[in-house]
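Please open the model in a viewer and keep the selection tool at hand.

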Amino acid sequence: MTPRVRIAVFALAVLCLLPAFAHVAWHMPPFGAHPLPYGDAINAAGTRERHVTNMISAVNFDYRGFDTLGEEFMLLCAVTGTSILLRGNRGERVDAPQQVPGRPIRDRSDGVVLIARLIGPVTILFGLYVILHAMTTPGGGFQGGVIVASGTLLVFLGEGYRGWRRLMRSKLLDGCEGLGATLYALCGFASMLAGLPFLQNMLPLGEVKDLFSGGLMLLENLGVGMAVAGGFAVLFLEFLEETRVASDGDEEESGG
Amino acid sequence: MSLLISLLFLLVAATGTGVALSRVPRRQVMAMAANGLSLTLLFMALQAPDVAFSELTVGTAALPLLFLIVLASVRADGAAKRPAGKATEAEPEPSPTPGAGAPP
């Protein structure tokens, strides 16, 4: 298909779709319009009913906690699938993986090492802070988990691959991911053991604006934080392993 | 709509166009990260800090990194499989496009 034909097809498609697009765009509510009663209802009732000030956490972990369980297992499935595809028989040796021949690895500049060493631990700490303060301030298990996992990448920038691999034990990360998802599911079954519906918040709710308010949401948030931090770290580990040459125990690729 | 939000919308549009116009994959990844960053600012200005957090961590840090690793891995595989003595540049450099949004 030559570029000319491609552009002609594109123009034809634009002509066909433009009226519908214009119709929808014309009838959209104005910018900033707020016709959604659900958010207002949550904002009005959330603090009173659930004793938390971050309504997004209240929706994620309590009002619609079952949806989050589904998302939790979607993440687990995605990470598991990626690991199955990418992970060979590599072991836990951190000195084994070598750089691919023909791919020069340049020395890092002192400035990069300094900045990564300064910012890396602070970033990980900030991620833990975001996980911990899910009930009171914006953020939560998912955001904090990704921040923690990204912070470990600064360790990679600062310490190089081997130092990073010493930190990233894949068994530990796998456990983190699996246990986090399990913890979330167990929270639901704990409610059922108490004779309540699945994921019903049955723990004492605590005081508003207190760090440990929200009852069962705290445990669910912890589970999400563990699962997301572990899951993203596993992803980073499996992807970065791909840039290394296969070690002795690794299965050989066929052909090539 | 305030001036700040209008400017941020323009910034998102400009960086998004930069992503579409970048032809070198490595630059496109950086342009994508820049787009994620401007989206983060927009979400902040629209008072959605949770979404801004997610966009910042996933769109600006995690996703570009995975893309960069894939590019590095593809290039490493290509270098290993190419017969020795034929060490050509792995990616041909097309004509520089405007709005790439990343240094070479």
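In which hand, left or right, does H4(A) pass H7(A) at their crossing? Before answering, note that the model is predicted.

**First stop: H4(A) and H7(A).** Select residues 65–86 of chain A, which form helix H4, together with residues 170–193 of chain A, which form helix H7. The crossing is left-handed. The two axes lie 10 Å apart and the packing angle is about 155°. Angles over 145 degrees count as roughly antiparallel, and H4(A) and H7(A) are therefore described as roughly antiparallel to each other. To display the contact, show Leu69(A), Glu72(A), Phe73(A), Leu76(A) and Val79(A) on H4(A). On H7(A), the corresponding selection is Glu177(A), Ala181(A), Tyr184(A), Ala185(A) and Gly188(A). By class, the residues of this contact comprise seven nonpolar, one polar and two charged.

**Second stop: H4(A) and H8(A).** The crossing of H4(A) past H8(A) is left-handed. From H4(A), the contact includes Glu72(A), Leu76(A) and Val79(A), along with Gly65(A), Thr68(A), Leu75(A), Thr82(A), Ser83(A) and Leu86(A). From H8(A), select Glu220(A), Val224(A), Ala227(A), Val228(A), Gly231(A), Val234(A), Leu235(A), Glu238(A) and Glu241(A). The residues of this contact divide into nine nonpolar, five polar and four charged. Glu72(A), Leu76(A) and Val79(A) of H4(A) take part in the contact with H7(A) and in the contact with H8(A).

Next, select residues 110–132 of chain A for helix H5 and residues 141–167 of chain A for helix H6. Their axes are 8 Å apart, and the helices pack at an angle of about 165°. H5(A) and H6(A) are therefore roughly antiparallel to each other. Their crossing is left-handed. The contact residues divide into 14 nonpolar, eleven polar and one charged.

**Last stop: H2(A).** Finally, select residues 37–50 of chain A, helix H2. Where is the kink in H2(A) centred? The kink, of about 35°, is centred on Ala44(A). At 1.5 Å a residue, the 14 residues of H2(A) should span 20 Å, and the end C-alpha atoms are 19 Å apart, which agrees.

Methods. Residues are numbered from 1 along each chain as its sequence is written. Chains are lettered from A and ligands numbered from 1 in the order in which they are written. This is a predicted model: local features need pLDDT of at least 70, side-chain atom pairs count only at pLDDT 80 or more; totals for chains, interfaces and linings use all residues. Axes are lines fitted to C-alpha atoms, for helices over the stretch in contact, and angles run from 0 to 180 degrees between N-to-C directions. Helices (H or I, at least four residues) and strands (E, at least two) are DSSP runs, numbered from the N terminus. Angles under 35 degrees count as roughly parallel, over 145 as roughly antiparallel, 65 to 115 as roughly perpendicular and the rest as oblique. A crossing is left-handed if the near helix is turned anticlockwise from the far one by less than a right angle, and right-handed if clockwise. Two residues are in contact if their C-beta atoms, placed from the backbone, lie within 7 Å. Ala, Val, Leu, Ile, Met, Phe, Trp, Tyr, Cys and Pro count as nonpolar, Asp, Glu, Lys and Arg as charged, and the others, Gly among them, as polar. The expected span of a helix is 1.5 Å times one less than its number of residues. The bend at a residue is the angle between axes fitted to the seven residues ending there and the seven starting there.
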